[in-house]
Amino acid sequence: MESGRLEQYALGELDPAARAEVEAQASRYPEVREELDALLAGLDVYAEAHAITPPAGMRERVLGRVLAEIGTAAPTAPAAAPAPEVPTMRVSASNPHVASPPPAAAPTARRSGWAIAASVALLLSLVGNALLYTNLQQTRSDLAVALSEQTRFASATQVMERRLSSTQEQLHVLRSPDEYKLVALAGTPAHPTARARVLFNKVAHRVYVDVAQLPPLPPGKQYQLWALDQGKPVDAGVLTAATTAGDGLQQMKDIGSAQAFAMTVEPTGGSAGPTLDTMTVIGNI
């Protein structure tokens, strides 16, 4: 799974297609599902721990303000005019019809009350939603920072673990003279101050190189170690820039058998055969 994809899913930053892809990976691989569940659970815990409670009395203050504004804005209803007297008609044989009174006006007070209540409820809902939205945005931002810090810490931890493992391996090589034969490499007449050494395990066929001093290289060049077996050069690998500068041991290619070791200057990446006129150091076992 691509780095950071699960965090984007947990924060709701992926489009539907990307979310579907993450869910498919989670259903297919248990380790992805476990990590995704942990992220979602962490988001819920973080959001609950940092939830913002509205200040005390906010509801009463908002409600009082709304009612006051409604009271000042609503026009005063005019006094109702007295209903005109409805003439009555006497029923007689010659006039059987009786006039019906006009219909009463529909009441409006109830509808006004419902409108005020709905306005207040809507305003309170908007205030609550605004607080929740602000809280959610802050929580997402804080969680993104926390996830970034966690990723950076994990990367740094992995680097330190690799360095520790390499250091422990180098100490084992240096402290095992019975397993590793120390071969001193002296400078050639063209480079009399150059010095290095090779630690060779004949049983395990492992080779380590340790540089004391080598001449600086021009651009595009790299030192290459050779094992001389029955007079035939065998490629033992190229030296890194750190090893060339004397920064610790470097494990080279495994060598089955050798009677001597030497270094030459070759193009970056190494050569199939040594360039003899660039030989810098050499030493016999």
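**Salt bridges, aromatic pairs and a buried glutamine**

Aspartate 235 is partly exposed, with a relative accessible area of 25%, a value that belongs to a predicted model, as do the others reported here. The side chain of aspartate 235 meets that of lysine 253 in a salt bridge, with 2.6 Å from N to O. Since aspartate 235 lies in strand 5 (residues 232-238) and lysine 253 in the loop between strand 6 (250-251) and strand 7 (260-267), the pair ties together parts that are 18 residues apart in sequence. Lysine 253 is likewise partly exposed, and its relative accessible area is 42%.

The protein in which this pair is found has six helices and eight strands, and along the sequence these elements follow the pattern α-α-α-α-α-β-β-β-β-β-α-β-β-β. Of the 285 residues, 23% are buried. The protein exposes about 19300 Å², of which carbon and sulfur atoms supply 59%. When contacts between residues at least 6 apart in sequence are considered, 58% of them join residues at least 24 apart.

Side chains of opposite charge can pair when their charged atoms come close. A search of the whole structure finds three salt bridges, one of them being the pair of lysine 253 and aspartate 235 described above. Another joins the side chains of aspartate 210 and arginine 197, at 2.9 Å from N to O. Here aspartate 210 lies in strand 3 (residues 206-213) and arginine 197 in strand 2 (residues 195-201), so that the pair ties together parts that are 13 residues apart in sequence. Aspartate 210 counts as buried because its relative accessibility of 17% falls under the 20% limit, whereas arginine 197, at 29%, is partly exposed.

A further salt bridge is formed by the side chains of arginine 33 and aspartate 37, with 3.1 Å from N to O. Both residues lie in helix 3 (residues 30-49), where they are four residues apart, about one turn of the helix. Arginine 33 is partly exposed, with a relative accessible area of 32%, and aspartate 37 is also partly exposed, with a value of 37%.

The aromatic rings were examined next. The count comes to two aromatic pairs. Tyrosine 180 and tyrosine 208 form an edge-to-face pair, with 5.8 Å centre to centre and 75° between the planes. This pair links distant parts of the chain, as tyrosine 180 is in the loop between helix 5 (109-174) and strand 1 (181-187) while tyrosine 208 is in strand 3, 28 residues apart. Both tyrosine 180 and tyrosine 208 are buried. Phenylalanine 200 and phenylalanine 261 also form an edge-to-face pair, with 5.7 Å centre to centre and 70° between the planes. Phenylalanine 200 belongs to strand 2 and phenylalanine 261 to strand 7, and this pair too links distant parts of the chain, 61 residues apart. Phenylalanine 200 counts as buried at 2% relative accessibility, and phenylalanine 261 counts as buried at 0%.

Glutamine 222 is found in strand 4 (residues 221-229). With a relative accessible area of 17%, glutamine 222 is buried, and its side chain reaches the backbone oxygen of leucine 239 at 3.0 Å. Leaving aside residues up to four places away in sequence, glutamine 222 touches a set of residues that includes Leu217, Val238 and Leu239, together with others such as Thr264, Val265, Glu266 and Pro267.

Methods. Residues are numbered from 1 along each chain as its sequence is written. This is a predicted model: local features need pLDDT of at least 70, side-chain atom pairs count only at pLDDT 80 or more; totals for chains, interfaces and linings use all residues. Side-chain values use heavy atoms; hydrogens and water are left out. Helices (H or I, at least four residues) and strands (E, at least two) are DSSP runs, numbered from the N terminus. Buried means under 20% relative accessible area, exposed over 50%, partly exposed in between (1.4 Å probe, protein chains only). A polar contact is a pair of N or O atoms within 3.5 Å; within protein, one must be able to donate a hydrogen and the other to accept it, and residues adjacent in sequence count only if both atoms are side-chain atoms. Contact means heavy atoms within 4.5 Å. Accessible areas come from the Shrake-Rupley method with a 1.4 Å probe; for residues, only the protein chains shown count as cover. A salt bridge is a side-chain nitrogen of Lys or Arg within 4 Å of a carboxyl oxygen of Asp or Glu. Rings of Phe, Tyr and Trp (its six-membered ring) pair if their centres lie within 6.5 Å; planes under 30 degrees apart count as stacked, over 60 as edge-to-face and the rest as tilted.
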